[in-house]
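Colleague: I am new to this structure and would like to learn how to read it. Could we go through it feature by feature?

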Amino acid sequence: MSFRAGAGWVAIFFVVALVDVLYHTWSALSGKLAMELRMLAPVESISDGIDRCKEMGKPLYLTIGCYAELSGLYAPMTISGINIQRYTSRLAVRRDVDPWFMVPMIPEALALIDGVYREVCVAEGKPEAYHRDHVQWFGQLEAGYSTGAAGMAARLRAGCAVCAGAMSGTGDIAPTATNRTVGALMIGGNARYTHQGVYSIWYDYTLWTSDVYAAGAYCSGDVLLRSSVMAMDLVTFACIAIGVIALALGTDWLVFP
Amino acid sequence: MTTTVLSSKRTYQRLGALFICSIFVGVYIIHDIIDLEVINFVYTAFAETQTTIRVVVQLFAAFILYYGALRHMIYRTGVERTMLVRDATVLVFSLVLAGFILSQPGMETSAGANVVNSVLQGSCQYGLFVARYGMMYYWVLRRFSEFRTIDRIAQLVIWFLVTIRDTPILVQYVPGIDQAVDWIMATLYTGALRGVLITVAVGSMILAMRALIGREPGLIEAEVT
């Protein structure tokens, strides 16, 4: 047995993050810390968007983004997107608005989204509100998702589109632009820094970067998820501090596996 | 009885998955820190299992896709005409392509299959590229033009110039645009940015000195007054 090169840094970072998350989890469970998050305007606007659909007699368009993978960089965005989608579709089913789900090019998300949709309909006491056809998957190519979802957006002419999660700056542009063109109220955002400019053009209510995680935690209503957002903020600040120190001292001493 | 059913369902649906997930996470973290033969073996086994699960999920999703399209074609009730056309196109193209690939020696690795794949993918990607950027520029222009203030107009003009500068074919037709935009960015933009920074720095120093000699109200006093 031997340690990998740079394992010490990984271990230190892991232990610090673990203590941070454990402390916030314990605080959430014991009620020691208030887990109230500031209400974000895009989250508030979801309810208004569904009312708009109801008043106009139009359906609701939902996506968690073309790149919604369940591992790696996109996994937290996918989970947040699913929580936002669950909250939004629940309100829609409650108010008799038809939700339509565009499944990303990741096939694992199909089962997840379909399961959430079924749960929501049953939870609202309206199992008949579930329609298999309202969950649309277009294959594993980005081009398939892009053309398929754009076609659906043109066909549906939704009153509101909630597009939050792992949105891409390529595959999601055509569907998002189509939704804007047909006059949908646009709510959403993505956590990747690179695409903030792109989506500030499209959305009426934008979730900026880590707002997506906060919105997901808020929509889930779960104090443990809210505590994880607070823990995440501390880790983010720690990463910024390490980055600044590494810039000042050079990075020779900072070796990761 | 209901409580038991619910709790067992909860264990099956949530805690069971969480337990399996935790084992995966634990093995992956240990693997990143320690080079141990047993852990390396388990790590590789998990990776292979993940691949197998992924293939099953892909097959499930593909089945759902074709099943949905086929069901629309058979029953038709409550399905829009455009959806039927889309589903029919998906089925017919899939059958034709599958037939073509199966008829080729070497099947999906054959030269014919590669050419068809490249042509289909290429045309699709190119069409999307044109549509994507067309839509994007249209909406950028439209969104900016909705504002009537001087700063928005300035933003729009600069965005337009930078876009031209970043598009080689347009630079060919508008000679000198790249030098003009570079000058805006290197001189005007950088100058303004440094001006703001210097102003902020000087302002901070003045505030700090005023605070030291007791001429600056504290936050509480500022809020009260």
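Modeller: Start with axes: these are lines fitted to C-alpha atoms, for helices over the stretch in contact, and angles run from 0 to 180 degrees between N-to-C directions. Helices (H or I, at least four residues) and strands (E, at least two) are DSSP runs, numbered from the N terminus. This is a predicted model, where local features need pLDDT of at least 70, side-chain atom pairs count only at pLDDT 80 or more, and totals for chains, interfaces and linings use all residues. Residues are numbered from 1 along each chain as its sequence is written, while chains are lettered from A and ligands numbered from 1 in the order in which they are written.

Colleague: At what angle do the axes of H6(A) and H4(B) cross?

Modeller: Two packed helices are described by the angle between their axes and the distance between the axes. Here the axes of H6(A) and helix H4 (residues 111–145) of chain B cross at roughly 45° and come within 9 Å. H6(A) and H4(B) are therefore oblique to each other (under 35 degrees is roughly parallel, over 145 roughly antiparallel, 65 to 115 roughly perpendicular, and the rest oblique).

Colleague: Which residues of H6(A) meet H4(B)?

Modeller: Ile173(A), Ala174(A), Ala177(A) and Arg180(A) do, and their partners in H4(B) include Leu128(B) and Trp139(B). Contact requires C-beta atoms, placed from the backbone, within 7 Å.

Colleague: How many residues does each chain give to the contact?

Modeller: Chain A gives 28 residues and chain B gives 27 residues. On the side of chain A that touches chain B, H5(A) gives the most, with five residues.

Colleague: How do strands pair between the chains?

Modeller: Strands of a sheet pair through backbone hydrogen bonds, either parallel or antiparallel. Pairing is counted if DSSP finds at least two bridges between two strands. E1(A) and strand E1 (residues 34–35) of chain B pair in the antiparallel sense over two bridges, and Phe3(A) has Ile34(B) as its bridge partner.

Colleague: In what order do the strands of the open sheet in chain A run?

Modeller: The six strands have the order E4-E3-E2-E5-E6-E7, with parallel pairing. E4 (135–137) and E7 (205–208) of chain A each have a single partner strand, so one side of each is left without a neighbour in the sheet. From one strand to the next, the twist averages 15°. Inside the sheet, E2(A) and E5(A) pair over four bridges, with Leu60(A) opposite Cys160(A). H5(A) packs on the sheet, touching E2, E3 and E4 of chain A.

Terms used:
Two residues are in contact if their C-beta atoms, placed from the backbone, lie within 7 Å.
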